[in-house]
Amino acid sequence: EPTTSQSMAASARLTAEPDLGLTGVKGWLALFTVAIGVLQPLQFLGGLLKDHFGSDAESLSRLYAEYPTTLGFNRLMMAARAALVVAFVIAAWMVKARRVGAVRLCKRLLLAAPALSLVKIPLAYFWLDAVVFQGSALPFIGEAVRSVGFAAIWTAYLTRSRRVRLTFPNG
């Protein structure tokens, strides 16, 4: 929570920096909002549809029958990811509405997403059968690398962007 001196310093910084049309949810900030509020949920839903109705549905059913712990693991990861997607949609709404705390929430969520991906690897190693883990280790690692890259780029943008500073002076 910003203190009075931090708010005064932010106000002083804003008066020192002319607006130049850089306030508002436009440009890269609009792209970020669409990425977390629309594209991530669509990607999540697409993955669900592919797993349960696509060509992999029958092979997943066989896998769950052969290795029952896989079903529990997948449900746990799906629930965690669904909660994260809902949180990102709320964060996107907060950015669009220019709510106080929106940038802080986005930064925290951007750290939570790679944390989930990175925790998934050792959790899968200990929870799943070795045969199942060996077949799924590479996608887990790829997801973790993408998640870390996405978080690094957007966290740097939210931290250093002049538009973000001007649009969210206390954020």
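**Entry 1: the salt bridge**

I began with a term: a salt bridge is a side-chain nitrogen of Lys or Arg within 4 Å of a carboxyl oxygen of Asp or Glu. I note at the outset that the structure is a predicted model. My search for such pairs returned one salt bridge in the structure. I then looked up the partners: lysine 120 and glutamate 143 form the salt bridge, and their closest N and O atoms are 3.0 Å apart. Glutamate 143 belongs to helix α6 and lysine 120 to helix α5 (residues 102–127), so this pair ties together parts that are 23 residues apart in sequence.

I next asked of lysine 120: is it buried or exposed? Lysine 120 counts as buried because its relative accessibility is 10%, under the 20% limit. Glutamate 143 has 21% relative accessibility and therefore counts as partly exposed. Setting aside neighbours within four places in sequence, I found lysine 120 in contact with Phe73, Met77, Phe140 and Glu143.

**Entry 2: the chain as a whole**

I counted seven helices and zero strands in the protein chain. Along the sequence, the pattern reads α-α-α-α-α-α-α. Of the 171 residues in the protein chain, 32% are buried. I also looked up how far apart in sequence the contacting residues lie. Among contacts with a separation of 6 or more, 78% join residues 24 or more positions apart. The protein chain exposes about 10,300 Å², and carbon and sulfur atoms supply 67% of this area.

**Entry 3: aromatic rings**

I searched the whole structure for aromatic pairs and recorded three. One of them joins phenylalanine 32 and tryptophan 154; this pair is tilted, with 5.0 Å centre to centre and 45° between the planes. Phenylalanine 32 is in helix α2 (residues 27–53) and tryptophan 154 in helix α6 (residues 130–160), so I noted a link between distant parts of the chain, 122 residues apart. Both phenylalanine 32 and tryptophan 154 are buried. Ring pairs join Phe32, Phe150, Trp154 and Tyr157 into a cluster.

**Entry 4: nonpolar cores**

Which residues touch the most other members of the largest nonpolar core? I found that Leu29, Phe32 and Leu158 do so, in a core of 22 residues. The elements giving two or more residues to this core are α2, α4 (68–96), α5 and α6. Apart from this core lies another, of five residues, including Phe73, Met77, Leu128 and Phe140. As a general note, nonpolar side chains tend to be buried together in soluble globular proteins.

I then followed leucine 158. Its neighbours within four places in sequence left aside, leucine 158 is in contact with Leu29, Phe32, Val103, Cys106, Lys107, Leu110 and Val164.

I looked up glutamine 40, which lies in helix α2. Glutamine 40 counts as buried because its relative accessible area is 18%, under the limit of 20%. With neighbours within four places in sequence left aside, glutamine 40 is in contact with Ala35, Val85, Phe88 and Phe150.

Leucine 39 is also found in helix α2. With a relative accessible area of 47%, leucine 39 is partly exposed. I recorded a nonpolar patch on the surface, formed by Val34, Val38, Leu39, Leu42 and Leu45. Together these residues have about 440 Å² of accessible area.

Technical notes. Residues are numbered from 1 along each chain as its sequence is written. This is a predicted model: local features need pLDDT of at least 70, side-chain atom pairs count only at pLDDT 80 or more; totals for chains, interfaces and linings use all residues. Side-chain values use heavy atoms; hydrogens and water are left out. Rings of Phe, Tyr and Trp (its six-membered ring) pair if their centres lie within 6.5 Å; planes under 30 degrees apart count as stacked, over 60 as edge-to-face and the rest as tilted. Helices (H or I, at least four residues) and strands (E, at least two) are DSSP runs, numbered from the N terminus. Buried means under 20% relative accessible area, exposed over 50%, partly exposed in between (1.4 Å probe, protein chains only). Contact means heavy atoms within 4.5 Å. A nonpolar core is a set of buried Ala, Val, Leu, Ile, Met, Phe, Trp, Tyr and Cys residues joined through side-chain atoms within 4.5 Å. Patches are made of residues with over 30% relative accessible area and no salt bridge: like charges are joined within 9 Å, nonpolar side chains (Val, Leu, Ile, Met, Phe, Trp, Tyr) within 5 Å. Accessible areas come from the Shrake-Rupley method with a 1.4 Å probe; for residues, only the protein chains shown count as cover.
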